[in-house]
Amino acid sequence: RRVLDELLIGALLARPIVEGIATSVLVAARDEFSVGDEIEVDGIIGTVERIANRSTVIRTRDGRRVHIPNSEIIDKTVTVYTAYHERRSSIEVAVALDTDLDHIDTVIDDALTAVESITRVGTIRAVSFNEGVALSIRIWHGPHIVDANDAINAGVRHLKKAFKQTGIRFAPTSSIRIEEVHP
């Protein structure tokens, strides 16, 4: 009876270890992501440093190391940013209502084609109008998060310069600022 009790206690104590090893093998064996990929899980974004026995270790862009238990990662939605060689982002801009949309398409395409971090310019869509015409400009760039940040930053800067050079006006903003004046 004592041997049976000891075996039962040993099995219960070993269960989390065995489950941890099994889930880490399962996570590592699946090809959804691997070491070096940039992923997002539950709002945590970073680079997979390693898939350990009990957790997947992610290095975030702000220098934190996050351990996500493999038993949880199996049941979560995992976004893999580096799954393909390109990703798409968009730049939103609003121009004056009297803007020639065919002309602005050419200006935008020329300006963004010159941006090294943008691999290709996608569609330029007029999506709405109110005080101006709202445009959504789709751009393609490398897969890493920093690639998206660099492409959008450079794209916005090039567009602003191109709009200024060609006389294209931005739509007026309709924000209101209320200040309290204290005597």
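Q: Which residues in α3 and α4 meet?
A: His-103, Ile-104, Val-107, Ile-108, Ala-111 and Leu-112 in α3 meet Gly-155, His-158, Leu-159, Ala-162, Phe-163 and Thr-166 in α4. Contact means heavy atoms within 4.5 Å.

Q: How does that contact split by class?
A: The contact of α3 with α4 has 8 nonpolar, 4 polar and no charged residues. Ala, Val, Leu, Ile, Met, Phe, Trp, Tyr, Cys and Pro count as nonpolar, Asp, Glu, Lys and Arg as charged, and the others, Gly among them, as polar.

Q: What kind of model is this?
A: This is a predicted model, where local features need pLDDT of at least 70, side-chain atom pairs count only at pLDDT 80 or more, and totals for chains, interfaces and linings use all residues. Residues are numbered from 1 along each chain as its sequence is written, and side-chain values use heavy atoms, with hydrogens and water left out.

Q: Back to the helices. At what angle do α3 and α4 pack?
A: About 135°, with the axes of α3 (residues 101-113) and α4 (residues 145-166) 9 Å apart. Axes are lines fitted to C-alpha atoms, for helices over the stretch in contact, and angles run from 0 to 180 degrees between N-to-C directions. Helices (H or I, at least four residues) and strands (E, at least two) are DSSP runs, numbered from the N terminus.

Q: New topic. How many salt bridges are there in the whole structure?
A: A search finds 6. A salt bridge is a side-chain nitrogen of Lys or Arg within 4 Å of a carboxyl oxygen of Asp or Glu.

Q: Which residue does Arg-120 meet in a salt bridge?
A: Glu-86, at 3.1 Å, N to O. Arg-120 lies in strand β7 (residues 120-129) and Glu-86 in the loop between β5 (78-80) and β6 (87-96), so the pair ties together parts that are 34 residues apart in sequence.

Q: Is Glu-86 buried or exposed?
A: Buried, at 16% relative accessibility. Arg-120 is partly exposed, at 41%. Buried means under 20% relative accessible area, exposed over 50%, partly exposed in between (1.4 Å probe, protein chains only).

Q: What about Arg-169, which residue does it pair with?
A: Asp-98, with the closest N and O atoms 2.7 Å apart. Arg-169 is in the segment after α4 and Asp-98 in the loop between β6 and α3, 71 residues apart. Asp-98 is exposed, at 59%.

Q: Which residues form a network?
A: Glu-49, Arg-59 and Arg-65 are linked in a network of salt bridges.
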